[in-house]
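Thanks, everyone. Let me put the model on the screen, and then we will walk through it.

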Amino acid sequence: MTKLFFKYGTVSSGKSVRLLVDVYQYEQTHNDNSAIVIKPAMDTRRGKDMIWSRVGLERKADYCIGNSDAIPVQDIISRNPSCVFVDEVQFLSMIHIDELALLSLTIPVVCYGLRVSWKGSLFPPISVLMAKADKIEEIKT
């Protein structure tokens, strides 16, 4: 049975670099390049489809999801990836979290993001993710 993971940390805790390193190590360990990376379209810091870290690592996202877009679950399953990684998950919608949970029944899904806003309250999609996640891990600063 595959799982849904949530790895969270504060701003500048290294979430994106951790994602990029985890994708690289996953692909090296599994001898393939079948990891899929998803990010919210609203994150345009380094271009619409790039995931980057302050230490200089970057990777093109396979899917950029807007608020009104559905996560293409069937398309992702048909690509037969070994794992799906999601950056900045707090900017997706609660419906997207449900779609990721559905996807995690077939493929491991690892989500990275902030747990709380600067005001200290949970992002609404994160409350859904924390309820559905099989494993939650804090990325220490």
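Start at Asn80, which sits in the loop between helix 2 (73-78) and strand 6 (83-86). Helices here are DSSP runs of H or I with at least four residues, strands are runs of E with at least two, and both are numbered from the N terminus. Before I go on, the ground rules. This is a predicted model, where local features need pLDDT of at least 70, side-chain atom pairs count only at pLDDT 80 or more, and totals for chains, interfaces and linings use all residues. Residues are numbered from 1 along each chain as its sequence is written, and side-chain values use heavy atoms, with hydrogens and water left out.

Back to Asn80. Its phi is positive, about 55°, and it is not a glycine. Most residues other than glycine have a negative phi. Is Asn80 buried or exposed? Asn80 is exposed, at a relative accessible area of 62%. The cut-offs: buried is under 20% relative accessible area, exposed is over 50%, and partly exposed is in between, with a 1.4 Å probe and protein chains only.

Now move along to Glu88. It lies in the loop between strand 6 and helix 3 (94-103). Glu88 is another non-glycine residue with a positive phi, near 50°. Here the relative accessible area is 9%, so Glu88 counts as buried.

Next, Val89. It is in that loop between strand 6 and helix 3. Val89 is buried, with 0% relative accessibility. What does Val89 touch, leaving aside its neighbours within four places in sequence? The partners are Phe6, Ile97, Leu100, Cys111, Tyr112, Gly113, Ile126 and Leu129. A contact means heavy atoms within 4.5 Å. One distance to note: Val89 and Leu105 are 16 residues apart along the chain, and their C-alpha atoms are separated by 18 Å.

Take one of those partners, Gly113. It belongs to strand 7, residues 109-113. Gly113 is buried, at 1% relative accessible area. With neighbours within four places set aside, Gly113 is in contact with Phe6, Lys7, Tyr8, Gly9, Lys15, Val89 and Gln90. Look at Phe6 in particular. Gly113 and Phe6 are 107 residues apart in sequence, yet 7.8 Å apart in space, C-alpha to C-alpha.

Over to helix 1, residues 15-29, where we find Asp22. Asp22 is buried too, with a relative accessible area of 14%. Beyond its neighbours within four places in sequence, Asp22 contacts Lys7, Phe85 and Tyr112. Asp22 and Leu4 are 18 residues apart in sequence, and 15 Å apart from C-alpha to C-alpha.

For Cys83, the nearest cysteine sulfur is that of Cys111, 9.7 Å away. Cys83 is buried, at 2% relative accessibility. Cys111 is buried as well, at 0%.

Now the whole chain. It has four helices and eight strands. In order, the pattern reads β-α-β-β-β-β-α-β-α-β-α-β. The radius of gyration is 14 Å, close to the 14 Å that the globule rule gives for 141 residues, so the chain is as compact as a globular protein of that length. That radius is taken over C-alpha atoms, and the rule is 2.2 Å times the number of residues to the power 0.38. Along the principal axes, the C-alpha atoms fill a box of roughly 40 × 30 × 25 Å.

Buried residues make up 48% of the 141 residues. Of the contacts with a separation of 6 or more, 73% join residues 24 or more positions apart.

Last, the surface and the charges. The accessible surface is about 7,500 Å², and 53% of it belongs to carbon and sulfur atoms. Areas come from the Shrake-Rupley method with a 1.4 Å probe, and for residues only the protein chains shown count as cover. The chain has 17 positive and 16 negative charges, with mean positions 6 Å apart. Lys and Arg count as positive, Asp and Glu as negative, while His and the chain ends are not counted. Each charge is placed at NZ of Lys, CZ of Arg, CG of Asp or CD of Glu.

Methods: A disulfide is a pair of cysteine sulfur atoms within 2.5 Å.
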